[in-house]
Amino acid sequence: MGYDDLKQHAKDIRKKIILMLNKAGSGHTGGSLGMADVFAALYFRVFEKSIHTDKEDRDRFILSNGHINPVWYAALAEAGFIPEKELMTLRQVNSRLQGHPANIDIPLVELSTGSLGQGFPASVGLAIGYKMDKKKSHVFVGLGDGEMEEGSIWEALMAGAHYKLGNLIAFVDRNMVQQAGKTEEMMALDPLKDKVEAFNWTVYEADGHDFKQIIDTFEKAKNNKKGPSFIIFHTHMGQGVSFVLDNFEWHGVAPDDKQKEQALKEIEEK
Amino acid sequence: MYNLKNEKKLATRDGFGKALIRLGEKNKNIVALSASVGDSTRAYEFREKFPDRYIEAGIAEQNMIGMAAGLALAGKIPFPSSFATFLPGRCYDHIRQSVCYSNLNVKLVSTHAGLTVGPDGATHQMMEDIAMMRATPNIKVIVPADALEAEKAIEAVAEMKGPAYVRLGREKTPVFTTEETPFEIGKAVHLRKGKDITIIACGLMVYYSLLAAESLEKEGISAAVINMHTIKPIDREAIIKAAKQTKAIVTAEEHQVNGGLGGAVAEVLSQEYPARLKIIGMEDRFGESGNAKDLLEKYGLTEKRIIKEVKKLLQ
């Protein structure tokens with residue numbers, strides 16, 4: 001199977017991110033762009049048949065690093081779960097699309113996140129609940145690498161392994177940057193794989209911009225029933241837009257009109 | 001409506017343990033969590049009966065709250081419990097975002113609240129929790145007056161949809177309410193009629209308020225007593241009615257004078273029916289080690305203190 005459709009969806013998702021953040025005038029551009037490929041793969045392959053709201057034991061997804069929700073909303077719009085034109089209401093009064101995810105009547109957004117280190121613990125509880133009921137579906141949770149500095153992340157890592165949650169798949173956006181600098185300079189996280197393995201999780205690594213690797217890795221994680229899976233997606237913050245690429249100063253900044261035009265052009269040409 | 005002569009003493013946490021088992025028998029979606037203190041919070045009683053529905057969180061309260069939120073997303077009715085100093089103290093941000101803002105069906109139970117924790121000292125004498133929880137949208141805040149009322153409260157929060165916080169104590173205290181004493185979330189219980197003054201109390205202090213009212217009666221002062229078991233939503237009508245029918249109001253709680261029951265009553269009175277008010281509680285300071293009785297005496301959470309403040313107010 002080719003990945004041309006995913007490439008196109010990722011492009012559209014990136015464009016939506018730029019357009020909505022430019023309209024909003026604030027928000028998190030870098031991390032959102034960096035995860036566009038993973039979200040395209042999630043909503044058009046991994047979740048394609050498994051996450052619809054009318055399924056009682058659907059796969060579930062929680063975004064623990066809530067600030068990259070522009071990529072989530074863009075993917076939800078791309079997949080038809082929310083109207084595309086609503087994206088332009090992001091961060092404005094009376095919108096469902098809050099600056100950080102809020103579970104106010106948006107399909108598939110079930111937990112409010114934003115204060116870091118909280119979505120991951122909730123995903124552990126959700127997976128325990130599914131396991132109790134012997135549901136076969138999976139719980140997915142997205143994390144940021146900077147977020148992993150929060151203590152509650154390590155509490156959740158302990159619990160996920162303790163309860164042998166073969167239905168839980170965590171993935172981290174390992175872009176090596178956080179709001180005020182490089183992760184390894186702010187608070188060193190490496191060797192991340194060794195650390196998480198030492199917590200008794202099965203750890204996978206993949207290029208977060210290679211669709212084949214993304215999909216194959218999710219597939220492997222789904223087949224790992226013996227305990228929880230942890231995927232390290234190596235990504236570039238701002239992927240697709242040259243002036244955002246790997247630049248932590250773009251953590252929480254929105255593109256102005258000129259930057260918007262430049263970004264849309266670069267995304268289209270890629 | 002109440003019986004001050006009942007010699008039975010039980011801790012409110014025992015009411016929790018008992019009610020949770022009853023709930024567990026009725027509803028398979030009830031689950032319990034505890035953070036390595038399940039023997040103390042009485043969550044272990046549930047574990048014994050329903051081991052598959054008990055989740056140990058280890059000494060990790062933040063993750064426990066997150067897990068509870070996730071369990072609610074899975075359709076469960078989770079009861080995470082720990083000591084009040086940790087729940088809500090340690091994990092407030094998780095309660096705020098994952099439970100309250102997300103508006104999930106999580107029933108938070110804190111035990112070992114207040115000064116009566118005793119010898120463990122100020123670190124474990126949580127007296128700011130009502131203020132924290134009361135300031136947070138979407139959650140109901142309940143402080144049962146005795147073990148029997150705690151049972152009713154636990155059953156009531158399981159019935160309702162959405163977040164709730166139930167505050168319980170460690171110390172054995174008199175069981176003075178009866179099976180017939182009504183309990184409805186948000187509805188104050190008018191335990192005793194009176195025409196001079198109204199004492200509005202919660203938790204342990206309801207018992208002392210009743211004792212104080214009996215003593216005052218002998219001195220010719222007629223004091224009404226209201227058990228304000230629900231701090232949020234507060235029963236505004238009961239407070240306004242009390243202000244209209246009596247000359248002044250005294251509140252009593254095992255909590256800081258800032259932001260607790262007294263604060264809630266003051267907010268209603270000052271905006272809707274200004275009346276004279278005295279708030280009895282911990283005077284903006286930390287406690288210390290000691291047995292419960294000595295501490296209550298030292299920090300003025302007694303029948304005697306209530307009598308003194310009532311007289312002062314009526315002078």
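**Close-up views of a predicted two-chain model**

**View 1. Lining of the largest cavity.** The residues lining the largest cavity comprise six nonpolar, five polar and four charged; Ala, Val, Leu, Ile, Met, Phe, Trp, Tyr, Cys and Pro count as nonpolar, Asp, Glu, Lys and Arg as charged, and the others, Gly among them, as polar. This is a predicted model, in which local features need pLDDT of at least 70 and side-chain atom pairs count only at pLDDT 80 or more, while totals for chains, interfaces and linings use all residues. Residues are numbered from 1 along each chain as its sequence is written, chains are lettered from A and ligands numbered from 1 in the order in which they are written, and side-chain values use heavy atoms, with hydrogens and water left out. The structure holds one cavity of 30 Å³ or more, and the space in the largest cavity is about 170 Å³. A cavity is a set of points, on a 1 Å grid over the protein atoms alone, where a 1.4 Å probe fits but cannot get out, and lining residues have an atom within 4 Å of a point. Grid points are joined across faces, edges and corners, and the volume is the space filled by probe spheres set on the points. Of the 15 lining residues, Thr12(B), Leu168(B), Gly169(B), Leu204(B) and Glu254(B) lie nearest the centre of the cavity.

**View 2. The two domains of chain B.** Chain B is divided into domain 1 (9-174) and domain 2 (189-309), with bounds from an automatic or database domain assignment. Contact between them (heavy atoms within 4.5 Å) takes 31 residues from domain 1 and 33 residues from domain 2. Their C-alpha centres lie 25 Å apart. Each domain gives at least three residues to the lining of the largest cavity.

View 3. Ser81(B) is in strand β4 (residues 77-83) of chain B; helices (H or I, at least four residues) and strands (E, at least two) are DSSP runs, numbered from the N terminus. Ser81(B) counts as buried because its relative accessibility is 0%, where buried means under 20% relative accessible area, exposed over 50% and partly exposed in between (1.4 Å probe, protein chains only). Beyond four places in sequence, its contacts include Phe16(B), Met64(B), Leu87(B) and Val109(B). Leu87(B) is joined to Pro88(B) by a cis peptide bond, with omega about 20 degrees. Pro88(B) lies in the loop between β4 and α5 of chain B.

**View 4. Helix α5 of chain B.** In this helix (residues 92-101), the residues His94(B), Ile95(B), Gln97(B), Ser98(B), Val99(B) and Cys100(B) are buried. Their cover includes α6 (151-162) of chain A, as well as α4 (61-73), β5 (107-111) and α6 (129-134) of chain B. Asn103(B), which follows the helix, has a positive phi near 55 degrees.

**View 5. The loop between β14 and α11 of chain B.** Phe286(B) is found in this loop, between β14 (276-282) and α11 (292-298), and counts as exposed at 60% relative accessibility. Apart from residues up to four places away in sequence, Phe286(B) touches Ala122(B), Glu128(B) and Tyr299(B). Asp284(B) lies in the loop between β14 and α11 and is exposed at 58% relative accessibility. Asp284(B) is not a glycine, yet its phi is positive, about 55 degrees.

Key
1 Å grid on protein atoms, 1.4 Å probe; cavity = no way out; pocket = protein on both sides within 12 Å on 5 of 7 lines; lining within 4 Å.
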